[in-house]
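Please look through the notes below with the model open beside you. They take up the DNA surface and then the sheet.

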There are 2 protein chains.
Amino acid sequence: MIKRTKLKDIAEALNISVTTVSRAINSKSDISEETRKAVLAMADKLNYRPNALAISLRKSLFNVIGVILPSVDHYFFSTVLKGIMNKAHQANYLVMIGESMNDLEKENEILNQFMSHCVTGILISPSGRDSLSQVRPKRIPFVVVDRPLENEVDSVVKYDDLNGAFLAVDHLINQGYKNIACLKGNKDCIISATRLKGYKKALKLHGIESNANMIKSCTYPSKKDGYLMSKELLLATNKVDAFFTITDNLAAGVYEAAEELKLKIPTDLGVVGYSNSQISSSLTPKLTTIEQPGERMGEQAFDYLQQIIIGNNRLFKKTFDAQLIIRNSSAKNLPVYSA
Amino acid sequence: MIKRTKLKDIAEALNISVTTVSRAINSKSDISEETRKAVLAMADKLNYRPNALAISLRKSLFNVIGVILPSVDHYFFSTVLKGIMNKAHQANYLVMIGESMNDLEKENEILNQFMSHCVTGILISPSGRDSLSQVRPKRIPFVVVDRPLENEVDSVVKYDDLNGAFLAVDHLINQGYKNIACLKGNKDCIISATRLKGYKKALKLHGIESNANMIKSCTYPSKKDGYLMSKELLLATNKVDAFFTITDNLAAGVYEAAEELKLKIPTDLGVVGYSNSQISSSLTPKLTTIEQPGERMGEQAFDYLQQIIIGNNRLFKKTFDAQLIIRNSSAKNLPVYSA
DNA sequence: GTGAAAGCGCTAACAA
DNA sequence: TTGTTAGCGCTTTCAC
């Protein structure tokens with residue numbers, strides 16, 4: 001922190017009191033137009049910039065919020081962050097950002113640092129089931145984004161993941177695929193678990209029995225994991241004719257395995273991903289997937305947080321409707337989409 | 001900001017002075033083991049958390065840095081941010097993040113807010129040529145990342161973009177492509193300009209005259225722009241047999257145009273992108289591109305900033321070497337790569 | 001319309 | 001080893 005002009009400097013230069021300067025800067029009413037102008041001119045001349053730390057300390061409010069996301073280079077989360085920043089900027093809030101990397105301990109560390117630094121509120125995409133039990137006791141305004149723990153006590157902006165997965169798998173079945181495998185993430189991941197439920201729900205609805213052998217998990221879903229898991233399944237049973245993957249990355253891996261095994265998508269193998277990330281429309285054939293409006297979710301989350309900060313003490317909940325984006329990776333018989 | 005335990009609360013609970021409590025918390029030497037333990041126990045009991053604002057105000061240092069990037073949902077920048085956060089977290093710094101959206105005015109606004117909030121230093125990827133003339137006068141430690149203005153007065157972590165583009169185009173020529181077009185961004189974008197130079201340098205080296213009609217610009221390079229610009233070029237001259245695009249997104253657009261016009265990549269049309277973003281290996285055929293180690297660049301930038309903050313008053317410069325990643329989009333005759 | 005004084009939570013110099 | 005005092009930069013009573 002470098003030394004800079006403060007109110008006292010302005011006061012001394014003008015031979016008036018600090019109080020008066022403060023009043024002028026904050027455009028209070030009880031001050032003469034004359035002095036006001038003089039102060040402002042001098043402030044400008046000396047390149048005065050208020051010290052937000054001092055102001056915050058004095059006024060007990062700090063217009064900074066903290067955002068905790070699993071990872072910023074994950075496309076979906078980066079759009080959530082963008083949404084948050086859109087609104088935060090408008091509302092004159094600054095945003096601090098921390099990555100939890102799905103690590104509860106690191107998450108808690110960041111949380112504590114944020115608290116120490118007096119953030120006014122927290123926006124968090126929890127890394128695990130116990131995340132929020134770390135947050136709640138701090139008694140700080142917060143809103144959960146995208147990874148809702150099942151409860152009725154927190155404000156949360158989420159996505160209808162159950163239905164998203166359901167739509168994906170239902171679509172595959174309707175297209176004529178019979179043996180649909182599911183590629184998912186960690187057992188502890190709420191999102192993964194919810195999407196798995198949606199998968200099972202769709203199977204059940206169509207009278208298909210879910211088979212544990214058709215479900216594969218990995219720690220941190222990547223293209224490579226998708227490749228390995230799908231290859232294993234394709235070689236093992238030889239009956240899998242479609243994949244539902246809980247993330248587009250995994251689907252990209254399926255494409256790779258399919259090519260290696262000379263299986264044509266979508267005729268031999270149907271694929272539906274999740275998130276509509278950038279790769280989904282770059283794959284050939286283009287990937288059918290589930291849209292996730294990260295930016296809008298981030299914006300909504302900030303709006304709720306702001307409501308809570310200004311004292312609106314109710315619970316805010318919003319679930320974004322699931323939306324299937326049909327492209328060519330699931331067109332068993334006919335290509336249905338080409339844009 | 002909610003009310004929380006402060007030193008005074010602990011002091012009163014223990015009937016000792018605030019100073020003593022402070023000493024205990026900060027584990028100074030001149031304090032009895034006994035009181036130290038008592039204080040720590042009470043602090044824990046009352047769930048004490050130091051007020052970083054007050055500490056910073058008092059000590060005139062605030063362990064927060066500000067990061068200004070054009071856009072966080074751009075893959076490359078999100079990895080830069082990740083690199084910065086890796087190191088910042090290790091060094092116990094918090095990071096504030098702002099998006100300039102390539103808008104000088106917005107950039108300046110964020111800058112001022114950061115300054116007001118007493119960030120110790122700034123990491124910035126400048127949005128335009130005049131960005132730094134806004135930063136320099138503030139006399140705050142800063143490091144430029146990835147978008148170096150041509151000067152010798154700032155610390156900067158950059159990438160050898162001239163050579164990156166050169167390698168890309170040189171490679172295309174060596175593969176046997178004759179008429180190589182360049183798809184780029186805005187005229188004001190330094191990065192775009194530098195890569196264009198590399199393109200021209202490679203042409204020149206091979207005795208090919210650069211042709212203004214083979215160079216197309218757009219405002220904010222997207223897949224769609226790539227599609228439109230490449231289609232226009234392919235329809236117009238019918239002689240373009242390869243594209244060098246200053247970003248992978250644009251290359252993805254070229255793929256789309258190629259498919260529409262029934263041109264086979266790489267036989268009819270060679271393509272080389274830039275950035276090695278996620279889509280590059282999802283495209284079919286896989287895209288030859290230029291690797292950009294965003295995370296490592298972010299880490300390096302933070303390290304430099306930290307040096308400057310602790311008073312190491314020299315200029316820090318680092319240029320990451322350009323690296324061509326050869327995949328199949330540029331294999332005019334034989335596929336050369338498949339992983 | 002203006003200024004003096006107190007205090008936000010904390011630390012550092014100086015006393016005791 | 002502990003306490004007293006002053007002050008970081010600012011705002012807010014309360015006098016004048």
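**Notes on the predicted model**

1. The residues of the surface near DNA strand D divide into nine nonpolar, nine polar and seven charged, where nonpolar means Ala, Val, Leu, Ile, Met, Phe, Trp, Tyr, Cys and Pro, charged means Asp, Glu, Lys and Arg, and polar means the others, Gly among them. A residue counts as near if one of its heavy atoms lies within 4 Å of the strand.

2. This is a predicted model, in which local features need pLDDT of at least 70 and side-chain atom pairs count only at pLDDT 80 or more, while totals for chains, interfaces and linings use all residues. Residues are numbered from 1 along each chain as its sequence is written, chains are lettered from A and ligands numbered from 1 in the order in which they are written, and side-chain values use heavy atoms, with hydrogens and water left out.

3. In all, 25 residues surround DNA strand D, and among the closest are Lys6(A) and Arg58(A).

4. A polar side-chain atom of Thr19(B) lies 3.0 Å from a base oxygen of DNA strand D, whereas for Ser17(B) a backbone N or O atom lies 3.0 Å from a phosphate oxygen; a polar contact is a pair of N or O atoms within 3.5 Å.

5. Strand β1 (residues 64–69) of chain B pairs with strand β3 (residues 121–124) of chain B in the parallel sense over four bridges, and Ile68(B) has Ile124(B) as its bridge partner in β3(B). Strands are DSSP runs (E, at least two residues), and two of them pair if DSSP finds at least two bridges between them.

Conventions
A polar contact is a pair of N or O atoms within 3.5 Å; within protein, one must be able to donate a hydrogen and the other to accept it, and residues adjacent in sequence count only if both atoms are side-chain atoms.
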